[in-house]
Amino acid sequence: MATWGLPPCGQLPSVGPVMAPPPLPPPPPARVFAELLPPPAPPAAAAAGESEAPRGPGAPPGWREVRVSGSAELSAAPDRATVTMRLSSRKGEAGAARSSVARRLDYVAQAARQRGGVPENNVTVTKNFSRIDKAYKMEAEVCITFSDFGKMQDVCNLLVEKLDSSVIISPPHFYHTLETVDALRRQVCLAAVGSAQQKAQEVCQLFGQSLGKPLLIREEEVKEWEGHPESHMASFSDSPSLQQRLQSATIYASSRVFAVFEIKGDRKRKRAALLNLS
């Protein structure tokens, strides 16, 4: 027979202090993404105790609606880039300094036109002529705006190869035209509305209902920012690459809308069923 070891009578085994379990965290707040309900009754109907009221003259008494929210986020890469090039020459004679810079300016303009397909109005040239001690110094700055970034790289590489250190090319500055920003704002709003409509459609299908026409669409929140948040987490070097510059210049936009859609009644289906029976 198995025996169990027990402490002597009157003695209890020593135990540590009993710790109460930690309190449970409160549940997260519920998020309502859609609701199906009748429209609010007007004051006269509410005073009479009616729960549903037509929306307007001729609306059926059983008119119902679904209220949903929709959101979207889109991005747009920059569509323009400006490259600044600096040329200079220091000579003992004024004519020699001017002609040295002029020859290189002609070559830069030719490369931008032939290799980059850049029109003349996208090329800006500023010149500065000065005298330092007993020499003359000619300086020129060329700003070229590109819409094709591949051709931009081809032009810059060609000028570095042919002109060497006689030209200083700054890193490109990327930006967006107003048309691109406006298009992004419209697209993100439409995408949010489409999300709300799709959500309302799925809710109605879940309950065997048919989605009707929109009754209200309101844009409640719009946000815009430059550069994706994840890209800022990575520490860029002092000379970021072309792709890193493009990521930093990319703009993002988000939109959140509130929409109310009508829920179609079953009158048409009942009428069609009666006609088929007859």
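Cys156 is buried, its relative accessible area being 14%, where buried denotes under 20% relative accessible area, exposed over 50% and partly exposed the range in between (1.4 Å probe, protein chains only). Cys189, at 21% relative accessibility, counts as partly exposed. With a disulfide taken as a pair of cysteine sulfur atoms within 2.5 Å, the count comes to 0 disulfides. The model is predicted, so that local features need pLDDT of at least 70 and side-chain atom pairs count only at pLDDT 80 or more, while totals for chains, interfaces and linings use all residues. Residues are numbered from 1 along each chain as its sequence is written, and side-chain values use heavy atoms, with hydrogens and water left out.

A nonpolar core is a set of buried Ala, Val, Leu, Ile, Met, Phe, Trp, Tyr and Cys residues joined through side-chain atoms within 4.5 Å. The largest such core holds 27 residues, of which Met85, Val108, Ile144, Phe146, Met152, Leu159 and Phe174 touch the most other members. Two or more residues are given to this core by each of strand E3 (80-91), helix H2 (94-114), strand E5 (135-146), helix H3 (149-163) and helix H6 (242-249), these elements being DSSP runs numbered from the N terminus (helices H or I, at least four residues; strands E, at least two). H3 gives the most, with 7 residues. A second, separate core of 20 residues includes Val66, Ala192, Ala253 and Ala259.

Thr250, placed in the loop between H6 and strand E9 (251-264), counts as buried at 10% relative accessibility. Neighbours within four places in sequence aside, Thr250 is in contact (heavy atoms within 4.5 Å) with Ser75, Ala76, Ala77, Pro78, His176, Trp225, Glu226 and Gly227.
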